[in-house]
Amino acid sequence: MSYVQEARENHVKKKVEEALKSKMKAKALKQCDHYTAKYAECATGRTFSVVWKCRAQAKELNNCLHDYTNDKVLEEMKKEYALQQESKRPVGM
């Protein structure tokens, strides 16, 4: 494989990975909507005090987001994507 071909392939892989990360984050925000609302409710009308007054809500939100945005979840998404791409390929290839 030539250098240019390899660079193009790596670029496509990076774009796919970034798209999968974006999809993962969107799913996490949707799944953690309840915690986001609780944090937003606590933070309403606060400035600096939000740091210590809403610490519990922030921790709950971060824990929820971490459940849906971690390396294990990303690897699963990559596997699913690879399987989808394989099923789209013509039989002779």
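**Start on the surface**

Select Phe-48, Val-51 and Trp-52: together they make a nonpolar surface patch of about 410 Å². Patches here are built from residues with over 30% relative accessible area and no salt bridge, with like charges joined within 9 Å and nonpolar side chains (Val, Leu, Ile, Met, Phe, Trp, Tyr) within 5 Å. Areas come from the Shrake-Rupley method with a 1.4 Å probe, and for residues only the protein chains shown count as cover. Zoom in on Val-51, which sits in helix H3 (residues 50-53) and is exposed, at 53% relative accessible area. (Buried means under 20% relative accessible area, exposed over 50%, partly exposed in between, using a 1.4 Å probe and protein chains only.)

Before moving on, keep in mind that this is a predicted model: local features need pLDDT of at least 70, side-chain atom pairs count only at pLDDT 80 or more, and totals for chains, interfaces and linings use all residues. Residues are numbered from 1 along each chain as its sequence is written, and side-chain values use heavy atoms, with hydrogens and water left out.

**Zoom out**

Switch to cartoon and you get 5 helices and 0 strands. Helices (H or I, at least four residues) and strands (E, at least two) are DSSP runs, numbered from the N terminus. Of the chain's 93 residues, 15% count as buried. The chain exposes about 7,900 Å², 55% of it supplied by carbon and sulfur atoms.

**Into the core**

Now select Val-16, Leu-20, Met-24, Leu-74 and Met-77, the 5 residues of the largest nonpolar core. A nonpolar core is a set of buried Ala, Val, Leu, Ile, Met, Phe, Trp, Tyr and Cys residues joined through side-chain atoms within 4.5 Å.

What does Met-24 touch, leaving aside its neighbours within four places in sequence? Its contacts (heavy atoms within 4.5 Å) are Tyr-68, Thr-69, Asn-70, Val-73, Leu-74 and Met-77.

**The sulfurs**

Colour the cysteines next: there are 2 disulfides in the whole structure, each a pair of cysteine sulfur atoms within 2.5 Å. Pick Cys-32 and Cys-64, whose sulfurs are 2.0 Å apart. Cys-32 lies in the loop between H1 and helix H2 (33-43) and Cys-64 in helix H4 (residues 55-68), so this link ties together parts 32 residues apart in sequence. Cys-32 is buried at 0% relative accessibility, and Cys-64 is buried at 9%.

Then take Cys-42 and Cys-54, a disulfide with its sulfur atoms 2.0 Å apart. The S-S torsion is about -95°, so this one is left-handed. Both Cys-42 and Cys-54 are buried. Counting bonded cysteines along the chain, the pattern is 1-4, 2-3.

**Last stop: charges**

A search of the whole structure turns up 5 salt bridges, each a side-chain nitrogen of Lys or Arg within 4 Å of a carboxyl oxygen of Asp or Glu. Show Glu-17 and Lys-21, paired at 3.7 Å, N to O. They are 4 residues apart in helix H1, about one helical turn.

Finish at Glu-60 and Lys-38, bridged at 2.9 Å, N to O. Glu-60 is in helix H4 and Lys-38 in helix H2, 22 residues apart.
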